[in-house]
Amino acid sequence: MRYLDEFNDPKLARRLLDEIRATATRPWALMEVCGGQTHSIIRHGIDQLLPDEVELIHGPGCPVCVTPLECIDKALEIAARPDVIFCSFGDMLRVPGTDRDLFRVKGEGGDVRVVYSPLDALQLARRHPDRQVVFFAIGFETTAPANAMAVHQAKRLGLTNFTLLVSHVRVPPAIEAIMTAPACRVQGFLAAGHVCSVMGMAEYPELAERHRVPVVVTGFEPLDILEGIRRTVGQLERGEHRVENAYARAVRPDGNPAAIRMIEEVFEVSDRSWRGIGRIPDSGWRLNDAYRDFDAEHRFDVTGIRTEEPAECRAGEILQGLIKPTDCAAFGTTCTPRTPLGATMVSSEGACAAYYLYRRMSEPALPREEMNPVG
């Protein structure tokens with residue numbers, strides 16, 4: 001554990017916090033794009049330890065949370081069919097559709113299975129040639145290579161009973177949408193290190209230049225995040241707007257070329273709807289013509305989907321960084337992990353789930369002297 005412990009050192013954390021306090025001379029609003037970073041920030045109280053001048057805004061970096069309701073309702077309809085084995089990561093099973101979730105479909109007799117990789121679903125298709133196996137392929141750029149590989153292998157093996165229900169989203173177009181929104185307050189971004197480890201950093205300099213915002217690629221441990229904040233605040237104070245790599249141990253400028261080639265072989269860029277946000281141009285991937293036979297939306301005739309979001313759920317505003325979870329009247333009352341109104345309460349990367357899990361309800365922040373920088 002020594003390697004991880006190095007990124008949880010309280011002395012180094014206090015030193016970084018001191019540097020941030022010494023640097024920040026005016027208010028700055030930064031957005032962490034990744035839900036994993038949000039959970040780390042709330043778990044360790046990083047946002048409460050920062051000087052008052054630095055505010056962290058939680059972005060739409062949870063792939064489960066931004067999967068559109070229409071896609072979830074399609075998944076529910078497909079999963080309920082008797083000839084289907086529907087496979088998904090565990091997070092998706094409790095995400096509410098319009099009137100039920102995958103757990104309920106499973107309880108009503110649907111063959112819904114939790115898998116740890118799309119290749120697990122591929123093996124199920126090989127073992128059950130008489131059943132249609134559908135994998136719910138959601139996620140940002142991080143999960144796209146494995147999903148692409150699964151389809152590539154299915155085509156190579158000649159499988160006719162394996163498909164993906166695709167809801168892939170891309171980070172750079174989301175940043176563009178955030179920066180062009182009328183209510184945007186974001187002045188700098190902490191970019192997701194795992195996304196950049198796959199795709200590299202090539203798409204970010206243009207965004208940083210056009211919107212005059214610094215973009216700092218960082219990781220998920222407390223010191224990673226504090227270093228990313230330190231660099232971002234430093235750029236803002238100096239009037240700079242560059243792309244920096246604060247996660248060089250995992251991220252190369254060109255990313256993972258083999259993974260990118262696999263994505264480009266199987267997928268094509270498309271417009272995509274984001275739950276709570278709306279349609280963002282070029283913000284997703286779909287299977288290209290060469291792999292269209294493996295698209296569940298083409299394989300299964302799912303029509304007549306009518307979606308309805310709960311009126312009291314404000315997850316869309318939370319995903320856009322307009323409010324914090326505690327600003328929603330349903331948070332922790334009618335909306336809990338057992339009775340979720342929106343995906344942000346059930347996903348392991350959702351902001352509402354982080355606030356609930358780490359008891360960040362409506363109580364005021366602890367005095368900073370009582371808090372452990374990495375506790």
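Mentor: Happy to! Let's begin with the residues that touch: from α8, Pro 118, Leu 119, Leu 122 and Arg 126 come into contact with Ala 146, Asn 147, Ala 150, Gln 153, Ala 154 and Leu 157 of α9. Sorted by class, the residues of this contact are 7 nonpolar, 2 polar and 1 charged. Please keep in mind that this is a predicted model.

Now for the geometry. Two packed helices are described by the angle between their axes and by the distance separating those axes. Helix α8 covers residues 118-127 and helix α9 covers residues 144-157; they pack at an angle of about 20°, and their axes are 8 Å apart. Angles under 35 degrees count as roughly parallel, and α8 and α9 are therefore roughly parallel to each other. As for handedness, the crossing of α8 past α9 is right-handed.

Helix α2 (residues 10-23) packs with helix α13 (residues 222-238) at an angle of about 15°, with 10 Å between their axes. That angle makes α2 roughly parallel to α13. Here the crossing is left-handed. On the α2 side, the contact is made by Leu 12, Ala 13, Leu 16, Leu 17, Glu 19, Ile 20 and Thr 23, which meet α13 residues including Leu 223, Leu 226, Ile 229, Arg 230 and Val 233. The class count for the contact of α2 with α13 is 9 nonpolar, 2 polar and 4 charged residues.

The largest pocket has a volume of about 370 Å³. Its lining has 16 residues, and those nearest the centre are Lys 74, Val 166, Arg 272, Arg 279 and Glu 297. Four elements each supply at least two lining residues: α6 (69-79), β10 (267-274), β11 (278-287) and α15 (296-299). The biggest share comes from β10, with 4 residues. By class, the lining of this pocket divides into 4 nonpolar, 3 polar and 9 charged residues.

The largest cavity has a volume of about 60 Å³. It is lined by 14 residues, and the closest to its centre are Cys 313, Ile 318, Cys 328, Cys 335 and Cys 352. The lining of the largest cavity comprises 11 nonpolar, 2 polar and 1 charged residues.

Conventions:
Residues are numbered from 1 along each chain as its sequence is written. This is a predicted model: local features need pLDDT of at least 70, side-chain atom pairs count only at pLDDT 80 or more; totals for chains, interfaces and linings use all residues. Side-chain values use heavy atoms; hydrogens and water are left out. On a 1 Å grid over the protein atoms alone, a cavity is a set of points where a 1.4 Å probe fits but cannot get out, and a pocket is an open set with protein on both sides within 12 Å along at least five of seven lines; lining residues have an atom within 4 Å of a point. Grid points are joined across faces, edges and corners, and a volume is the space filled by probe spheres set on the points. Ala, Val, Leu, Ile, Met, Phe, Trp, Tyr, Cys and Pro count as nonpolar, Asp, Glu, Lys and Arg as charged, and the others, Gly among them, as polar. Axes are lines fitted to C-alpha atoms, for helices over the stretch in contact, and angles run from 0 to 180 degrees between N-to-C directions. Angles under 35 degrees count as roughly parallel, over 145 as roughly antiparallel, 65 to 115 as roughly perpendicular and the rest as oblique. A crossing is left-handed if the near helix is turned anticlockwise from the far one by less than a right angle, and right-handed if clockwise. Contact means heavy atoms within 4.5 Å.
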